[in-house]
Amino acid sequence: MAEGPVDETTANDDIPPLELQTKINEFEQEQYDVDICYEGSSKLENNWQECTKYPGHKDFIPFTNFGLANLPDRFRDEDILKLIKNLACLTVSLQVAYTSTDRPKYHKNEPYPFAKHAGKDVLRVGSGRVWNVYRNDNEGIPCPCSLCKEDGLETVEWGRIVVLTALHVVFDKSEAERTKCQLGYNDDRCNPRVLQGCDVFKRELDSDMCVMECITHDMRLLDVMKFTLDRYKELCDTVSKNYSTDAEERVVVIVSHPHGLAKRVSIGQLIRCEQLPNSDTKYTYTAPTCPGSSGAPVYLLGKRNASWSTHHHSGGGISGNVSGVGWLG
């Protein structure tokens with residue numbers, strides 16, 4: 001993806017009838033898989049224990065326990081397992097500590113999520129995946145991160161880790177700057193790498209897509225992420241040759257951080273692939289998700305060009321869980 005300016009988004013900020021305002025809390029709870037924690041991250045475990053969407057979370061498989069036996073019988077393939085594990089290594093947990101005052105109150109005549117928290121320091125958690133990495137190859141450009149600026153440093157060895165997530169998780173630069181991105185949060189014993197968000201590279205309101213930048217000074221981490229991205233692409237190409245999305249059993253895999261906790265894998269079936277203009281699509285599926293799963297990568301097994309797909313989990317409803325609008329079918 002070539003770098004460029006953030007897309008300007010437009011929103012319907014007209015206030016609908018007053019009776020809709022009383023439904024904002026209910027609408028957010030039913031439609032979006034972001035976990036809100038008014039008392040901070042220490043209470044996320046409580047949200048997991050008290051979850052009403054998927055009590056017990058029996059279909060959320062801990063990443064460190066995931067193996068061939070967790071795949072449907074006809075898909076117990078080492079390449080598929082490796083693909084899912086590489087995708088999991090690209091999956092991140094996002095902790096957003098601020099809500100932008102620029103969030104629209106309403107969009108398409110519906111309350112826009114979390115706009116009621118505008119200007120407040122209320123923690124919400126979601127997921128995302130590493131989309132690309134860039135090294136700073138121009139030694140004349142110092143690191144733009146807030147820590148270097150505050151300390152008056154001109155660090156020249158730095159790079160960007162670009163994360164794809166849902167726009168309702170991270171809306172703009174003001175929210176990105178207050179976002180912690182955790183890499184490698186695989187289980188409760190690990191010590192995840194924490195990156196600070198820096199900017200929003202691209203956003204699309206109707207697609208519910210956000211591409212956020214994080215800054216790192218760890219060149220080895222950039223190399224590891226680049227290797228994982230390349231390996232994921234290779235595995236996507238291999239699997240797409242052997243498994244078609246036209247098959248009767250269309251498997252959907254989601255890797256996320258439900259309730260902001262350690263990484264889980266969930267598997268389900270594709271219910272519907274909605275065709276949209278410009279060859280974009282939107283998925284509806286049975287793969288289980290929970291608050292904290294918004295922004296997580298959605299992989300349709302066998303899909304061509306899957307490594308470049310931007311499908312990410314957006315929320316749920318009566319008809320099933322749904323992705324944001326994605327490129328490449």
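Which residues are buried in α7? The legends below take up this question along with several other close-ups of the chain, and the model they describe is a predicted one.

**Figure 1. The whole chain, as a starting point for the close-ups.** Seven helices and 16 strands are found in this predicted chain. Of its 329 residues, 54% are buried. If we take the contacts between residues at least 6 apart in sequence, 71% of them join residues at least 24 apart. The chain's accessible surface is about 15300 Å², and carbon and sulfur atoms account for 46% of that area.

**Figure 2. Helix α7 and its buried residues.** Here is the reply to our opening question: Met-219, Leu-221, Leu-222, Met-225, Thr-228, Leu-229, Tyr-232, Leu-235, Cys-236, Val-239 and Ser-240 are the buried residues of α7. With 24 residues at 1.5 Å a residue, α7 should span 34 Å. Its end C-alpha atoms are 35 Å apart, which agrees with that expectation.

Figure 3. Asp-77 caps the N-terminal end, placing a side-chain oxygen 2.7 Å from the backbone nitrogen of Asp-79. Buried residues in α4 are Ile-80, Leu-81, Leu-83, Ile-84, Asn-86, Leu-87, Ala-88 and Leu-90. What do these buried residues pack against? Their partners are the strands β3 (91-96), β6 (123-135), β11 (251-256), β12 (264-275) and β14 (298-300), together with helix α7 (219-242).

Figure 4. Back at Val-130, and setting aside residues up to four places away in sequence, the residues touched are Leu-90, Val-92, Ile-161, Val-162, Val-163, Leu-183, Met-225 and Leu-229. In this list, Leu-90 is one of the buried residues of α4, while Met-225 and Leu-229 are among those buried in α7.

**Figure 5. Strands β8, β9 and β10.** Strand β8 (residues 179-183) runs antiparallel to strand β9 (residues 193-204), and four bridges join them. Within this pair, Cys-181 stands opposite Leu-195 in β9. On to the next pairing: β9 and strand β10 (residues 209-216) are also antiparallel, with seven bridges between them. Here Val-200 stands opposite Met-212 in β10. How many residues lie between β9 and β10 in their hairpin? There are four, and Asp-208 in the turn has a positive phi of about 55°.

**Figure 6. The loop between β4 and β5.** Most residues other than glycine have a negative phi. Against that background, take a look at Lys-108, whose phi is near 55°, a positive value. Lys-108 sits in the loop between β4 (106-107) and β5 (110-111). Asn-109 lies in the loop between β4 and β5 too, and has a positive phi of about 65° although it is not a glycine. Are these residues buried or exposed? Lys-108 is exposed, at 56% relative accessible area, whereas Asn-109 counts as partly exposed, at 42%.

Figure 7. Gly-268 belongs to strand β12 and counts as buried because its relative accessibility is 7%, under the 20% cut-off. Its C-alpha atom is separated by 6.6 Å from that of Tyr-285, 17 residues apart along the chain. Leaving aside neighbours within four places in sequence, Gly-268 is in contact with Arg-250, Val-251, Val-252, Thr-286 and Ala-287. Thr-284 is found in strand β13 (residues 281-285) and is buried as well, with a relative accessible area of 5%. Not counting residues up to four places away in sequence, Thr-284 touches Gln-269, Leu-270, Ile-271, Arg-272, Ser-319, Gly-320, Asn-321 and Val-322.

Definitions and conventions: Residues are numbered from 1 along each chain as its sequence is written. This is a predicted model: local features need pLDDT of at least 70, side-chain atom pairs count only at pLDDT 80 or more; totals for chains, interfaces and linings use all residues. Side-chain values use heavy atoms; hydrogens and water are left out. Helices (H or I, at least four residues) and strands (E, at least two) are DSSP runs, numbered from the N terminus. Buried means under 20% relative accessible area, exposed over 50%, partly exposed in between (1.4 Å probe, protein chains only). Contact means heavy atoms within 4.5 Å. Accessible areas come from the Shrake-Rupley method with a 1.4 Å probe; for residues, only the protein chains shown count as cover. Two strands pair if DSSP finds at least two bridges between them. A polar contact is a pair of N or O atoms within 3.5 Å; within protein, one must be able to donate a hydrogen and the other to accept it, and residues adjacent in sequence count only if both atoms are side-chain atoms. The expected span of a helix is 1.5 Å times one less than its number of residues.
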